[in-house]
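Subject: Handover of a protein structure

Dear colleague,

Please find below the structure that I am handing over to you. My notes on it come after the sequence and the coordinates.

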Amino acid sequence: MKVTLRTVRLELSEPLRISRSTMAARDAVWLRVGHGAEHGWGEIVSSVYYGLDAGTIARLLSEVAAPELARFPDPETSLAALRHEAWRPDVPPAVTAGIESALLDLCGKRAGVPVHRLLGTAAPPSAETARTIGITSPGRAAAQADRLARGGFTVLKVKAGSPDPDDDLERVRAVRAAAPRARLLLDPNGGWTARDAARLLARCAELGVEAVEQPLAPGDPEALARLAEGSPVPIVADEDAAGPEDARRLAGRVQGVNVKLAKCGGVSAALRIAEILAGSGTELMLGCLTASTLGIAPAVHLADRARWTDLDGHLLLAHDPWSGIGGADGTVRVSRSPGLGVRPAPGDGGTGRRP
């Protein structure tokens, strides 16, 4: 199998502020795996939080992924080995997820079926996705909520974790007033103290917030579980639930786990987490990093398995170089095309950023 790489810059349409940082752009490395006449694509985005820059990603793909792929006679065998965790354990989850994406895309194209069929789902999955509103003024948040609701979004996720927690409540109130019929999710990204969380969760319940992601700083999952036990609002673990073992530890003790493919290691790991959570009372949320359609697409093929879908990373971009999963109307969906079903976006305005 032949491996080629390309690094691109993904600019956001506007900076996104969360409790720990503000982001205006991120780098992405596109992985192209070819075998015979077909090829498959995967994307790995840089992340300060996960300690991955574009140079590190490209180095790992060149020094580790390419030799690993060369060990196998075809993409199907390579994918089977990856699913059974027969790859090198020192590869970061985000890189493994990107490799698996390219293999799934390639195997689907070779079989003439979309990825969701490879995963056992007959009908093309679709889901109403949350749309993120960053930490901003109540007035600006309300204007965004009104525009998004008018555009078809029925689920809004409000970022929280302001220096003054009461500012978070004002933002939620403004969004609720502007979009009274929307389902609201709240995400402090670990920005609340335990004392503030107990007070704020009660107020969130009054405002009709449907779930709160990772209210406490990560690193103490027991504290998160204790908070969830008495919370009037469902608590979804995110930063404290990186992979299958974290999910096993928290199953039945929090109301939800946010599964991001870049965090857990890809589609196969996400399916293992879904199996762990089944019947425990803890439900699945599908989340993402800011990425292009190429990076978001593998998770959309799992959308039928989640209670909450938060796959809007591509919608935050000023220019998405790929298309194929929609989302601008509030719903992400996959097609019946073989593989991931993504393709270069029509026209790039001369930027040269098309694959």
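The notes below go from the overall fold to charges, and then to individual residues.

This is a predicted model, in which local features need pLDDT of at least 70 and side-chain atom pairs count only at pLDDT 80 or more, while totals for chains, interfaces and linings use all residues. Residues are numbered from 1 along each chain as its sequence is written, and side-chain values use heavy atoms, with hydrogens and water left out.

Overall fold

The protein has 12 helices and 15 strands; these are DSSP runs numbered from the N terminus, with helices being H or I of at least four residues and strands E of at least two. Its radius of gyration is 20 Å, close to the 20 Å that the globule rule gives for 355 residues, so the protein is as compact as a globular protein of that length. That radius is taken over C-alpha atoms, and the rule is 2.2 Å times the number of residues to the power 0.38. Along the principal axes, the C-alpha atoms fill a box of roughly 60 × 45 × 40 Å.

Of the 355 residues, 57% are buried. Buried means under 20% relative accessible area, exposed over 50%, and partly exposed in between (1.4 Å probe, protein chains only). Among the contacts (heavy atoms within 4.5 Å) with a separation of 6 or more, 67% come from residues 24 or more positions apart. The protein exposes about 13900 Å², and carbon and sulfur atoms supply 50% of that area; accessible areas come from the Shrake-Rupley method with a 1.4 Å probe, and for residues only the protein chains shown count as cover.

Charges and salt bridges

There are 42 positive and 42 negative side chains, and the centres of the two sets lie 4 Å apart. Lys and Arg count as positive and Asp and Glu as negative, whereas His and the chain ends are not counted. The place of a charge is taken as NZ of Lys, CZ of Arg, CG of Asp or CD of Glu.

Side chains of opposite charge can pair when their charged atoms come close. The structure holds 27 salt bridges, each being a side-chain nitrogen of Lys or Arg within 4 Å of a carboxyl oxygen of Asp or Glu. The following are among them:

- Arg-199 and Asp-166 meet at 3.0 Å, N to O. Arg-199 lies in helix α7 (residues 194-206) and Asp-166 in helix α6 (residues 165-178), so the pair ties together parts that are 33 residues apart in sequence. Arg-199 is partly exposed at 35% relative accessibility, as is Asp-166 at 32%.
- Arg-253 and Glu-222 meet at 2.8 Å, N to O. Arg-253 belongs to the loop between α9 (244-250) and β10 (256-260) and Glu-222 to helix α8 (residues 221-230), so this pair joins parts 31 residues apart in sequence. Arg-253 is partly exposed, at 32% relative accessibility, and Glu-222 is also partly exposed, at 32%.
- Lys-260 pairs with Asp-238, the closest N and O atoms being 3.0 Å apart. Here strand β10, which holds Lys-260, is linked with the loop between β9 (235-237) and α9, which holds Asp-238, the two residues being 22 residues apart. Both Lys-260 and Asp-238 are buried.

Individual residues

Which residues does Thr-129 touch, not counting residues up to four places away in sequence? They are Phe-153, Val-155, Thr-309, Asp-310, Leu-311, Asp-312, Gly-330 and Val-332. Thr-129 sits in the loop between β4 (126-128) and β5 (130-133) and is buried, at 0% relative accessibility.

Ala-270, in helix α11 (residues 267-277), is buried with a relative accessible area of 3%. Neighbours within four places in sequence aside, Ala-270 is in contact with Val-259, Leu-261, Cys-264 and Leu-302.

Most residues other than glycine have a negative phi. Asn-189, in the loop between β7 (183-187) and α7, has a positive phi near 50° and is buried at 7% relative accessibility. Gln-214, in the loop between β8 (209-213) and α8, has a positive phi of about 35° and is buried at 0%.

With kind regards
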